[in-house]
Amino acid sequence: MKTQVKIDPTQDGELIDDKLIKKYGLNKNDIFYSKEGNPYTNFVGVVHRGTDILVSLPKHFMKTSTFDNYDEPDKKKYIKLIMDSINASVRGYQKSDHQVQDKSDTTFAIAAYFKVYEYFAKYGLYHVAHQEIKPFSGNKIAWKETLRRSTKFISNGNLIFSPIFYKKKRTDETLITDCMVFVINYTSQLFNDFMTLPSNAKIASRGVKSGILGNNAVIYKLQEILSRTFKDIDQQLIRNIIVFLQRVNSSPRQVPDIKYYNYSSVWEQAVQKYLNNHFQGVDEHNNMQFASDNINGERFVKEPLHYNTVKRYRDWYLEPDHLLIDEGRKRIYILDSKYYKQIKDLNHKQFVYHVLLSNKYSEFEIFDSLVIPSEGSTKTEEYVNIDSKYLLKQEKPITIYLTYLNMIDVLKNYVN
């Protein structure tokens, strides 16, 4: 009989009950306290304790009360969407020049897992290849050894070699092989219900080998093997296995948690993909328009604005998250993703982006907006309209908007 899973929801940036903090052993990184001493959740992800699971939803994903009303399969579906968005972000880092490190801000080494799996998908399990040369049997004649080692005689005018030596390949599994199987099967065993993982069907029957988890001697042996490994691809594999095992072993209770402390980076990447797949433009009322179908525009870029001519500080720059300069229509879109609970004040960087680009492209019309996650439907509203008395005489009006995008729609587009 399948064990019933208890799923407790909380939300990034929202008040969290002290009972949940104690039940799931949340630490100082997971919580921040207000001036009044009230605890607020400070991560997105899942925390396991036995058969109980705490899920921390992203800001504006959905209300915890709404989540609580779903049945278990739907809860798992939404958890999977959240965790897949984290995975997509982590894997995006891997495709850049970043090494596997804490940039992903996860307590479980999910980035290292994906690196190990990528090796497995491309090369299979790690093996040490040996070539044996023996007489009488094998799959390929070793002519050099046959000429050197066999007895030669003439029979009926033919030169005869006896015996004939053959090459035979043999592959041996090693500790690295066992650790690869462990990394892949252990992760699948823990998280298959809560994130979309690549198939481990080919090695699932090998299970999770006891003696690897929590065994620092295994890590020391891997480090010793790494010191005498020369191939870059094999070095990378061993390093990622070590990272994975160190992270698992370092947990005081060996609990499989994935807590992501920088979900704003996920939101930024997800928005970029959503814009490039669905953005159509802005209507006459300055509402951003999006196609329901994927139009694959891929026009927005993240591009630095180097504004300082002082030689000593020339490397200073500002960088809007999503910039589109439409030369044909003489229109510029300056968009910045903001993973906020709410907007409280003028976003000064957004104002500076607007001023710099309006001066550089004086003939262009500028649409400037912050992009905020929302539980509701997509909408655009005015956020800042600079009073004309604070503008230069020849300066165009400066208006900055807020665009609310449905977070679930954006994340679904991101992970697909």
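Modeller: Helices here are DSSP runs of H or I with at least four residues, numbered from the N terminus. This is a predicted model, where local features need pLDDT of at least 70, side-chain atom pairs count only at pLDDT 80 or more, and totals for chains, interfaces and linings use all residues. Residues are numbered from 1 along each chain as its sequence is written, and side-chain values use heavy atoms, leaving out hydrogens and water.

Biologist: Thanks! In which helix is Gln 235 found?

Modeller: Look at the run covering residues 232-250. Gln 235 is found there, in helix H8.

Biologist: Is Gln 235 buried or exposed?

Modeller: Buried means under 20% relative accessible area, exposed over 50%, and partly exposed in between, with a 1.4 Å probe and protein chains only. Gln 235 has a relative accessible area of 18%, so Gln 235 is buried.

Biologist: Happy with that. How far apart in space are Arg 206 and Asn 185, C-alpha to C-alpha?

Modeller: Arg 206 sits in the loop between helix H6 (175-191) and helix H7 (216-227). In sequence, Arg 206 and Asn 185 are 21 residues apart. Their C-alpha to C-alpha separation in space is 8.3 Å.

Biologist: And is Arg 206 buried or partly exposed?

Modeller: Its relative accessibility is 36%, so Arg 206 counts as partly exposed.

Technical notes. Helix = DSSP H or I, 4+ residues; strand = E, 2+ residues; numbered from the N terminus.
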